[in-house]
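The following paragraphs lead from one local element to the overall form of a protein model. Please keep the sequence and the coordinates in view while reading.

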Amino acid sequence: LETGIEGLVHVSELSWTKRIAHPSEVLKVGDEVEAVVLNIDKEAKKISLGIKQTQDNPWDKVQEKYQPGIKTQGVVRNLTDYGVFIELEPGIDGLVHISDISWTHKVTHPNEIFKKGDSVEVMILSVDAAHKKISLGMKQLKDDPWTELTKELLTGTQLSGKITRIVNFGLFVQLENGLEGLVHISEIPGVTSSDIEKTYKIGTPIQVSVLQVDHEARKIALTLRDQG
């Protein structure tokens, strides 16, 4: 600041939006910068400074710009077990939770559908500017088709499908209408949990019958047993 007087800009005070791991990413020794004095500790002879405070905080405008229900475009920035982070504008990300990706498809990991850099359309669900969190949805861009797609799925109805996942407790089957159901291991004659993966393969076409449709839990129970 002047001869013999220095202040510290903590890495978290460099930018409102950029994820800076080390100051050398944006600054070099000798640069002349504008900063705001945040705190002075005379006893410890420490001065805290901020550079980001010289600019408006873009999160202050997020609440009014991204209202719940608005549709907008974004870019996939990161994929996690629990959802997809979408960059709405530089430094402003929102999260599509894995449960808000599809009405009909049970997504086990977002990388089944997306990759980094994909351009996607999303709907704003909620904004918490104070905690810098935006909740987004993709399935909300369309009406929930559950009721329409399940109205003809009566007990005993025979259907064609394709095995999408194999677990020790059964088979997940994608039906022709796009919904997914479970054939529990107890509904697969002559097969145990130890040999199910030897008997069935992902992608194999399969004929099943509807056992039960649980509308509250949004689950379809299927069977391979003869219900005749």
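Two strands are taken to pair if DSSP finds at least two bridges between them. The model discussed here is predicted. With that criterion in place, strand 5 and strand 6 form a hairpin that leaves 2 residues between them. In this turn, Gly-91 has a positive phi of about 85°. Strand 6 covers residues 92-97 and is joined to strand 5 by 6 bridges, the two running antiparallel. Within this pairing, Glu-87 stands opposite Asp-93 of strand 6.

On its other pairing, strand 5 is joined to strand 4 (residues 71-80) by 5 bridges, again in an antiparallel arrangement. Leu-79 has Val-84 of strand 5 as its bridge partner.

How enclosed is strand 5 by the rest of the structure? Of its 7 residues (83-89), 5 are buried, so the strand is largely enclosed. Here buried means under 20% relative accessible area. Across the protein, buried residues make up 34% of the 228 residues.

Along the principal axes, the C-alpha atoms fill a box of roughly 90 × 40 × 30 Å. Among contacts between residues at least 6 apart in sequence, 57% join residues at least 24 apart.

The accessible surface comes to about 14,500 Å², and carbon and sulfur atoms account for 50% of it. The protein carries 26 positive and 33 negative charges, whose mean positions are 3 Å apart.

Conventions. Residues are numbered from 1 along each chain as its sequence is written. This is a predicted model: local features need pLDDT of at least 70, side-chain atom pairs count only at pLDDT 80 or more; totals for chains, interfaces and linings use all residues. Side-chain values use heavy atoms; hydrogens and water are left out. Buried means under 20% relative accessible area, exposed over 50%, partly exposed in between (1.4 Å probe, protein chains only). Helices (H or I, at least four residues) and strands (E, at least two) are DSSP runs, numbered from the N terminus. Contact means heavy atoms within 4.5 Å. Accessible areas come from the Shrake-Rupley method with a 1.4 Å probe; for residues, only the protein chains shown count as cover. Lys and Arg count as positive and Asp and Glu as negative; His and the chain ends are not counted. The place of a charge is taken as NZ of Lys, CZ of Arg, CG of Asp or CD of Glu.
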